[in-house]
Amino acid sequence: MSLISSVFAADYVPIAGGTLRTALPLDGETVQVAAYQLRTLPVSNAEFKQFLQRNPKWQRDQVATLFAGENYLASWAAPLDFSPNTPAAPVTQVSWFAASAFCETEGAALPTWSQWEFAAAADETRPDARKDPLWRAKILGWYETLSTDVLPAAGRHPANFYGVYDLHQSIWEWVDDFNGLFVNVDSRAQGEQKVLETCGAAALSLGDKENYAVLMRIALLTALKGQDSVNTLGFRCAKPALQSLK
């Protein structure tokens, strides 16, 4: 049964939380994920443009170098012109700092890794489909087609069990605690080679070694700094659970 309820805002859905057998810890430990709300879609180019209009300090020609690198919104034709990207496509080339600032304007924050992993474990009908080899293969197939070209609009694929779209299909996504997923000084280095090195090392310590798709995502995130912006990396926001009315 879906946990979606019409009393919640259209762009966030409630997720009840529960016990997560996370792929991250050394021994595949379980963690408790408290109830929360998650944005149904990644933040779009049009939404991020509105944020930039209200917060000029995050425009690429004004943002402090401490908070964004050279690739920040580099594909945009101008600081407030996201062409050739399309309005409803996920915004990418956004730093962790900028993504966090956007979420704050919605009374939200970037999801933690556990929150993201909990929601992303679901397929269209099951809250946790990760043991299904066909589901894992399908995710890998999507990951192999991630493109640095102009992205299509989000929401083309069916929503998952919770009513959340595109957790796997089109982009990677920032999480709030990206820099704490592996405590490894070497993981702060940048570049494709470092991603590959981190990926190989992480494989030895993941709790779920069969879930290579999750390993790829962790490897990317642990290779980044907060100022970095990647062509296929976007974000969505999370909120605390709404308190039920009594």
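Buried means under 20% relative accessible area, exposed over 50% and partly exposed in between, with a 1.4 Å probe and protein chains only. This is a predicted model, where local features need pLDDT of at least 70, side-chain atom pairs count only at pLDDT 80 or more, and totals for chains, interfaces and linings use all residues. Residues are numbered from 1 along each chain as its sequence is written, and side-chain values use heavy atoms, without hydrogens and water.

Select Phe178. Its relative accessibility is 3%, so Phe178 counts as buried.

**Stop two: the rings.** Rings of Phe, Tyr and Trp (its six-membered ring) pair if their centres lie within 6.5 Å; planes under 30 degrees apart are stacked, over 60 edge-to-face, the rest tilted. The whole structure holds 14 aromatic pairs. Select Phe48 and Phe102. Their ring centres are 6.0 Å apart with planes at 25°, so this pair is stacked. Phe48 lies in helix H1 (residues 45-54) and Phe102 in helix H2 (residues 96-105), 54 residues apart; helices are DSSP runs of H or I, at least four residues, numbered from the N terminus. Both Phe48 and Phe102 are buried. Now return to Trp174 and Phe178. Centres 4.9 Å apart and planes at 70° make the pair edge-to-face. Show Trp58, Phe67, Trp96 and Phe97 as well: with Trp174 and Phe178 they form one aromatic cluster.

**Last stop: Tyr12.** Which charged end sits over the ring of Tyr12? Select Lys239: its charged end is 4.3 Å from the ring centre. The criterion is NZ of Lys or CZ of Arg within 6 Å of the ring centre and within 35 degrees of the ring normal.

Methods: Helix = DSSP H or I, 4+ residues; strand = E, 2+ residues; numbered from the N terminus.
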